[in-house]
2 protein chains.
Amino acid sequence: MSRTSGRDSLRTVGEFGLIQRLRRQWPTSSPQVVQGIGDDAAILQPSPGQQLLVSTDVFIEGVHFDLAFQTPRDVGFRAATANLSDIAAMGGNPLYLLVSMAIPDHLPITNVRAWYRGLQEACSPYQVELIGGDTSSSLHHAFLSLTIMGTIQSNRSLTRNRAKVGDHIYVTGTLGDSHAGLHVLRTRANTRPRVRLRRDEQWLAQRHLRPTPRIVVGRLLARQGIAHAAIDLSDGLSGDICHVCKESRVGAEIWATALPLSSHLRTFAKNNGVDPVEFALRGGDDYELLFTAPSKYHQKVCDVAQKTKVSISCIGTIQPKSFGRRLRHDQGRTQTLKKQSYTHFR
Amino acid sequence: MSRTSGRDSLRTVGEFGLIQRLRRQWPTSSPQVVQGIGDDAAILQPSPGQQLLVSTDVFIEGVHFDLAFQTPRDVGFRAATANLSDIAAMGGNPLYLLVSMAIPDHLPITNVRAWYRGLQEACSPYQVELIGGDTSSSLHHAFLSLTIMGTIQSNRSLTRNRAKVGDHIYVTGTLGDSHAGLHVLRTRANTRPRVRLRRDEQWLAQRHLRPTPRIVVGRLLARQGIAHAAIDLSDGLSGDICHVCKESRVGAEIWATALPLSSHLRTFAKNNGVDPVEFALRGGDDYELLFTAPSKYHQKVCDVAQKTKVSISCIGTIQPKSFGRRLRHDQGRTQTLKKQSYTHFR
């Protein structure tokens, strides 16, 4: 098989040429992968005592990403993070990735490989292996669909439906950065001549382009039996807490002043005359974890934060269902916490 | 949760409303599905002694399907069959399906459910469960990506790389029908006023719209250790035999006169002045199985055909690699068998 030339396109290389290249670019090494990409299906040998986790996510050009201000590598990285984050939210160990992709067929093959490099870059800290995929031409826009598989020790997974009244509600990292970063990137893409980003804007943009899945935190929370329920913040806090409350049949009080806000988001909010708390509540795609844990485990939660070097903030408490979902401000005033997340179909 | 109204769209129901409806439409019942759709990931409990099979396929409007002559239910059915067929080609037992879908968000929710009904219709003979998915809006075209998981007894799977010199080459069913059916459907869609299809055309159209995955045949071939190698005919015989030969490092002789042709394809070919053998060699998407088996197992192959009521034809032999891939005509004349399949990127 010849090396990739800059003039090669999907049209000239074909799907099977692409598979050959991917086998070299992203080889499998795990003995549990009996058969990787290239046959009708991958063959896996599951480990005894473990349960399997499987999740799929779809990413559409013009809906989930915009090649005007994201490179194919950026898109691959973010998509893989979103998919990895689903495994993190279950407390699992990500292992295998399947990639379905459709892109206009005149694009150079180097472009396709850039998508895969982004995917691989996000996956490599966790030794996730590429075990399957399907690649096709599309008429106009690019589509990407990822399926991730992982494992977890039997009956240790963190689901959305086990939050208990009295639990503390925690989140990792800082909230709203990604949405602010998206705003920065979009504004810059529409500004002529191009302006240089300030340092705080650059940081926010990076939080959008290169988010971190909280695999290590999730794994510890599950393994040590600390958390009752967990979800990753993909739709935004106000929407995602709603899923936990509905599935667990509970209510929640969120403390506005306890929401972890980065100094960069505060600067951005000040410069743009917006409320950073709104960004924290509504901004999607942070890929931080939200979890609930009994108050007696507060020290254990602090230990996880210290061990993983990921900040973890207590932002509220689980309440009876009749309480509803409320946001408490610092003067004691409370208001109904409306679901105002980014959702599709609008 | 209210029932679906004809006026509901993805926009009004939202992704979580859709999940609620799908949980009712396609409930999971297997004890091995610890958690189905609705959380960050599905949780599965693998059976000891079994290996897992996983495969993903992508389907793009305008590339793989055309809503001018296929209903959403047709598209769902065909897509599921293509995905199920990958498990059939490994000799496995299909169990779980994940569905990624993106469609223009103004479409009525009944339209989305029709896609799922087609998926469910194709999956229900095998009790395949829906365990995950992601649904999004798209700007213009519809996009579908399926991931299927199945199981197989350890080390029993049928791969492409184990064909041996001297093996007979077999195919199930008849070849070329689907491609002829596509031709019939396309021609009719472009003809005004609409013409009524003749009986043979109707049959071919159905072979395109409602193909059968050869799950039962594949399962018997694997369980009884009959086949050396197998692949499903998705690209067309001339291309798919090429994959087996390359992966197994062998050659092949295909007998033109032994190719199983339906009487309907012969009638179609006569009426349209085309060669039915060309349709059998090049036509993709038949989803029949091609497999190789030692000649001593010929009777066992016949027994499988009789038991499953699926015709199985011997169409050639595996040869040394130096032989190449050749097509033998009835007068003994042979020609190089060129890969002339339907492939994407052209």
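Chain A is divided into two domains, domain 1 covering 10–153 and domain 2 covering 168–336. This is a predicted model, so everything I say today is computed from predicted coordinates. Taken over C-alpha atoms, the centres of domain 1 and domain 2 of chain A are 27 Å apart. Domain 1 of chain A puts 19 residues into the contact between them, and domain 2 of chain A puts in 20 residues.

Let me stay on the domain 1 side of that contact. In chain A, the elements giving two or more residues to it are α2 (72–90) and β4 (93–103). The largest share, eleven residues, comes from α2(A). Sorted by class, this side of domain 1 of chain A has eleven nonpolar, five polar and three charged residues.

Next, the two chains. Chain B can be laid on chain A by a turn of 180° with a shift of 0.0 Å along the axis, and the RMSD is 0.0 Å. The two copies are therefore related as by a two-fold rotation axis.

What does each chain give to the contact between chain B and chain A? The contact takes 56 residues from chain B and 56 residues from chain A. On the chain B side, strand β3 (residues 50–60) gives the most, with nine residues. The residues of chain B that touch chain A divide into 24 nonpolar, 21 polar and eleven charged. As for which surface is used, 100% of the interface residues of chain B are also interface residues in chain A, so the copies meet through the same surface.

Strand β3 (residues 50–60) of chain A pairs with strand β2 (residues 42–44) of chain B in the antiparallel sense, over three bridges. Within that pairing, V54(A) stands opposite A42(B).

Strand β7(A), residues 168–172, is mostly covered, with four of its five residues buried. Which strands does β7(A) pair with? One is strand β10 (residues 289–293) of chain A, antiparallel, over four bridges. There, V171(A) has L290(A) as its bridge partner. Another is strand β11 (residues 312–319) of chain A, also antiparallel, joined to β7(A) by five bridges. In that pairing, the bridge partner of I169(A) is G316(A).

Over to chain B for a helix. Helix α4 (residues 177–189) of chain B has 13 residues, which at 1.5 Å a residue should span 18 Å; the end C-alpha atoms are 18 Å apart, so the two agree. The buried residues of α4(B) are D177(B), S178(B), H179(B), A180(B), G181(B), L182(B), V184(B) and L185(B). These buried residues pack against α5 (199–209), α8 (263–272) and α9 (276–282) of chain B.

Last, a single residue. N93(B) sits in strand β4 (residues 93–104) of chain B. Is N93(B) buried or exposed? The cut-off for buried is 20 or more other C-beta atoms within 10 Å. N93(B) has 21 of them within 10 Å, and is therefore buried. Leaving aside neighbours within four places in sequence, N93(B) is in contact with G150(B), T151(B), I152(B) and R219(B). For a distance along the chain, N93(B) and V75(B) are 18 residues apart in sequence, and their C-alpha atoms are 23 Å apart in space.

Key. Residues are numbered from 1 along each chain as its sequence is written. Chains are lettered from A and ligands numbered from 1 in the order in which they are written. This is a predicted model: local features need pLDDT of at least 70, side-chain atom pairs count only at pLDDT 80 or more; totals for chains, interfaces and linings use all residues. Domain bounds come from an automatic or database domain assignment. Two residues are in contact if their C-beta atoms, placed from the backbone, lie within 7 Å. Ala, Val, Leu, Ile, Met, Phe, Trp, Tyr, Cys and Pro count as nonpolar, Asp, Glu, Lys and Arg as charged, and the others, Gly among them, as polar. Copies are superposed by least squares on the C-alpha atoms of residues with pLDDT of at least 70 in both. Two strands pair if DSSP finds at least two bridges between them. The expected span of a helix is 1.5 Å times one less than its number of residues. A residue is buried if 20 or more other C-beta atoms lie within 10 Å of its own, exposed if 12 or fewer, and partly exposed in between; C-beta atoms are placed from the backbone.
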